[in-house]
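Open the model in your viewer and keep the selection panel handy. We will go stop by stop.

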Number of protein chains: 2
Amino acid sequence: MGRPRAFDRDQVLDRAMDVFWRHGYEGASLAELTATMGINPPSLYAAFGSKEGLFRAVLERYGQGRASFMEDVLGAPTSRQVVERFLRGSAELAGDPRKPAGCLVLQSGLTCGVGGESVADALSEQRRDPESRLRVRFEQARDEGDLPSGVDPAALARYLAAVVQGMSVQAAGGATRAELQQVAEMALRTWPGN
Amino acid sequence: MGRPRAFDRDQVLDRAMDVFWRHGYEGASLAELTATMGINPPSLYAAFGSKEGLFRAVLERYGQGRASFMEDVLGAPTSRQVVERFLRGSAELAGDPRKPAGCLVLQSGLTCGVGGESVADALSEQRRDPESRLRVRFEQARDEGDLPSGVDPAALARYLAAVVQGMSVQAAGGATRAELQQVAEMALRTWPGN
DNA sequence: TCCGTTCTGTAGTGGACGCTACAGATGTGG
DNA sequence: CCACATCTGTAGCGTCCACTACAGAACGGA
């Protein structure tokens with residue numbers, strides 16, 4: 001009971017995500033956030049507590065999409081197909097013209113000013129997550145004999161994470177979807193067999 | 001004539017570089033910069049004009065080191081060796097424990113707030129430079145028959161740039177030098193021949 | 001209809017930011 | 001030794017930042 005909320009939580013989160021994505025966590029000002037979200041500061045603070053709280057809510061929403069992507073990737077029958085889905089799908093996502101370039105988790109903060117360390121740490125953790133899930137999947141593949149000999153699951157996972165993060169950087173610099181796909185195909189040459 | 005400058009320009013630039021590297025362009029405050037450089041704001045402004053002017057001076061100094069690295073890379077006799085030097089050398093640099101992790105050009109600003117676009121553009125340009133020089137080198141290699149058939153010089157250059165940028169991101173997340181070297185070696189499998 | 005509760009919009013708050021006015025210090029040229 | 005030019009340190013400028021006090025509006029319950 002009480003006066004009902006005049007905005008849709010998911011909708012304003014999507015709009016906030018766009019601002020954080022384009023300007024980074026610290027570069028996104030409350031003035032621009034509230035203007036884009038179409039609400040006033042008190043409403044924002046009542047709903048999310050703080051700028052960091054808002055950002056974490058955005059991050060969680062973003063993480064849902066990533067999680068479903070990773071489930072599709074990890075569900076591929078062979079390790080070679082895991083790699084294909086991961087690289088090609090990431091190129092597709094990083095180059096999606098309907099969204100800001102690259103990846104929110106990378107764009108919104110590689111570095112931070114003093115006091116922003118907790119946000120930077122949260123982002124760093126988010127970046128590590130797909131890599132560790134890939135590693136686990138490749139360890140399983142190795143035990144099943146589904147990994148070329150001489151390939152270390154951890155090194156392969158780290159390499160793939162690096163390539164995808166590099167694609168995000170390229171996208172931020174204006175690379176097109178087709179160019180990102182070329183990067184994915186070059187990376188797939190790492191592993192011509194299978 | 002007049003009162004002589006009480007600080008060494010290159011020394012304060014190196015110290016400023018460290019701050020920008022760790023906190024990014026916008027995350028580096030004048031207070032921290034002046035404290036680290038050991039000078040007061042008026043001295044800084046007399047010498048560099050503005051925070052952006054200081055950053056550009058830092059960037060130019062950083063670029064000198066990068067340029068000599070790229071000259072060594074591009075001077076390798078075969079394209080395969082160009083790739084080896086670029087990947088292994090970049091892993092070495094990104095993991096250098098004497099400096100902040102990764103690459104200044106990437107750490108100091110993938111995104112920016114409103115008004116910081118000129119800095120972001122300058123950084124984006126700096127990021128493209130090694131890639132275009134690699135492309136030119138690979139085009140030369142192709143004309144000399146020194147490139148495997150089916151490899152596009154532009155795509156190869158972009159791929160390598162992405163891998164190296166990804167290594168920087170990994171370094172920012174705490175990856176060790178040895179782990180970065182593993183990424184380089186994985187990437188070298190792209191091109192087992194030669 | 002009135003009450004309690006929750007949200008909304010206006011209009012700020014203190015503080016940190018990039019930057020600079022000013023006066024004193026330190027050098028060179030005459 | 002003095003006039004002048006340049007740098008240095010103190011102290012503070014206006015502006016923008018994340019954030020909030022407050023009063024009125026919009027609901028459900030009695």
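Select chains A and B together. Of the interface residues of chain B, 97% are also interface residues in chain A, so the copies meet through the same surface. Residues count as in contact if their C-beta atoms, placed from the backbone, lie within 7 Å. This is a predicted model, in which local features need pLDDT of at least 70, side-chain atom pairs count only at pLDDT 80 or more, and totals for chains, interfaces and linings use all residues. Residues are numbered from 1 along each chain as its sequence is written, while chains are lettered from A and ligands numbered from 1 in the order in which they are written.

**Stop 1: the contact between the chains**

Chain B puts 38 residues into the contact, and chain A puts in 37. Colour these helices of chain B: helix 1 (9-23), helix 6 (104-107), helix 7 (117-143), helix 8 (153-172) and helix 9 (177-188). Each supplies at least two residues of the side that touches chain A. Helices here are DSSP runs (H or I, at least four residues), numbered from the N terminus. Which helix of chain B gives the most to this side? Helix 8 does, with 13 residues. By class, this side of chain B has 15 nonpolar, 16 polar and seven charged residues. Ala, Val, Leu, Ile, Met, Phe, Trp, Tyr, Cys and Pro count as nonpolar, Asp, Glu, Lys and Arg as charged, and the others, Gly among them, as polar.

**Stop 2: the symmetry**

Now superpose chain B on chain A. A rotation of 180° with 0.0 Å of shift along its axis does it, with an RMSD of 0.0 Å. The two copies are thus related as by a two-fold rotation axis.

**Stop 3: the DNA**

Select DNA strand C. Around it are 24 residues, and the closest are A:Gly2, A:Arg3, A:Ser43, B:Arg3 and B:Lys51. A residue is near a strand if its C-beta atom, placed from the backbone, lies within 6 Å of it. Helix 3 of chain A gives the largest share of this surface, four residues.

**Stop 4: the core**

Show A:Leu160, B:Leu160 and B:Val163. These have the most contacts inside the largest nonpolar core, which has 110 residues. Such a core is a set of buried Ala, Val, Leu, Ile, Met, Phe, Trp, Tyr and Cys residues joined through C-beta atoms within 7 Å. Buried means that 20 or more other C-beta atoms, placed from the backbone, lie within 10 Å of the residue's own. Zoom in on A:Leu160. Not counting residues up to four places away in sequence, A:Leu160 touches A:Val83, A:Phe86, A:Leu87 and A:Leu134.

**Stop 5**

Just after helix 1, B:Gly24 takes a positive phi of about 85°.

Terms used
Least-squares fit on C-alpha atoms with pLDDT ≥ 70 in both. Contact = placed C-beta atoms within 7 Å. Buried ≥ 20, exposed ≤ 12 C-beta atoms within 10 Å, placed from the backbone.
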